Amino acid sequence: MKNTTGVLFGRLMKHILRSPDTIITVALVPIVMMLMFVYVFGGAVKMSLGDNVNYVNYQLPGILIMAIASGIAYTAMRLFMDMQKGGLFERFSSMPIGRSSVLWSHVLTSLISNMLTVVIIFLVALIMGFRSSAGILAWLAAAGILVLLTLALTWVAVIPGIMAKSMEGATTFSYPLLFLPFLSSAFVPTETMPKVVRVFAENQPVTSIVESIRALLNSEPVGNNIWIALAWCVGIIVVAYILAMKVYRRRI
Amino acid sequence: MENAIEVKGLQKSFKDTEVLKGVDFEVKRGEIFALLGSNGAGKTTTVNILSTLLKSDGGSASVCGFDVLRQPEKVRENISLTGQFAAVDGFLTGRENLILIAKLRGIQNPSQTADNLLERFGLSEAANKRVGNYSGGMVRRLDIAMSLIGTPDVIFLDEPTTGLDPEGRLEVWKTVKELAGSGTTILLTTQYLDEAEQLANRIAILHGGKIIANGTLEELKKLFPSAKVEYIEKQPTLEEIFLAIIGKKEEK
């Protein structure tokens, strides 16, 4: 099964590299957003953050989350296309290969392609002035959170990818995810938000994830945030995985 | 074991609709067997049960001596399915599509296998073009070529010419006729009478969820009133005119 998943992973990576639309949306758009946040809004935001804050560092976790959220929309789309009439799912299902390897190849592709996007965005941020004093363990912890977040959102994406009746149906679930970073501490401090918005912002998963990664990369104490972030990621993975496997089994 | 496929009393319902109400037929080894029926007669349902994509509600079916419900893995090792909608990967080239299937089937020399099939199906020139740019007939030929990898004993062709232009139809007919010589058992479904007449050794008519007639073309002809001799001027059909104009002669 490992071999099969590997072959199918190679196939899906070709899809990504040959689809300019995917590359533009998952890598270029987040970079443009980052340029905008740093060079357009950055100056104004810094006035409330204080001059000693590096805003490239500050907004980077939020940009990464947006990139992953738009990346998993393509995970759902690729899975949807395979499940369609004329998709390869039926052919694979009638072949002597493990039936779960098709699904795992999509999950693996989602993880690897999103990590590639994350690395590209990190490199651009570095050019824009991102600096980190973090040690190797802090970097590993930050990477671990991003991997868990990608896995969580990937399993969420698998569900509409299998169940959707149309391409729009398969991908629209990602729009609310794209907005969550705006309703969090990803780009601006939550202190100036009205009460209701602020309560939501401070208790939704993006804030704890952003705060943890930010603290790790800036060598600051992470506090409880990292445990809250991990609980969110693992919780979403467990629930989404169970549901995704349920709808997948119904299809095979 | 003389029969490649044995179907006895096969039943299948979708919600309240009874699609198959006890289907019986046998296909001998090396035979081209046509399942003829109108849209919605249950042809695809039958093929999907035989290729282990669907589970039947009653009756039994075996392929190459293996029961489709109890030994689906064994069945999948011996069959190939060319579904109603060509299952090819539009992002990959023709050659890459063939190599993909060869690798998944664990063939020793995937590139060589791909090149041989490209040559045999007249796709060598388009080998390195993306399949998304192929014509309907080319896609179908590639689709069938992909089904031949690993030399399966039984090939299912579900409406192989539906949606093709007359030229593409002739290409596919030629391909299927060539396959017939190689000793492979072929079960093909079609809604076109002339297609069954052209390609099949034996024809079964599926109607109202049952096989209502089954035999060679000669046997089927005997079931009906003998032909009268009449003299009529044979006008060319529009298809004949079309093919004559574009310079292709139908091979009879």
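Student: What share of the 252 residues of chain B counts as buried, and what makes a residue buried?
Tutor: In chain B, 44% of the 252 residues count as buried, a residue being buried if 20 or more other C-beta atoms, placed from the backbone, lie within 10 Å of its own. This is a predicted model, in which local features need pLDDT of at least 70 and side-chain atom pairs count only at pLDDT 80 or more, while totals for chains, interfaces and linings use all residues. Residues are numbered from 1 along each chain as its sequence is written, and chains are lettered from A and ligands numbered from 1 in the order in which they are written.

Student: Why are β3(B) and β9(B) called paired?
Tutor: Pairing requires at least two DSSP bridges, and β3 (residues 32-36) and β9 (residues 202-207) of chain B have 4 in the parallel sense, so they are called paired. Ala34(B) stands opposite Ile203(B) in β9(B).

Student: Which strand forms a hairpin with β9(B)?
Tutor: β10(B) does, with 2 residues between the strands, and Gly208(B) in the turn has a positive phi of about 60°. β9(B) and β10 (residues 210-215) of chain B pair in the antiparallel sense over 5 bridges, and Ile205(B) stands opposite Ala213(B) in β10(B).

Technical notes: Buried ≥ 20, exposed ≤ 12 C-beta atoms within 10 Å, placed from the backbone.
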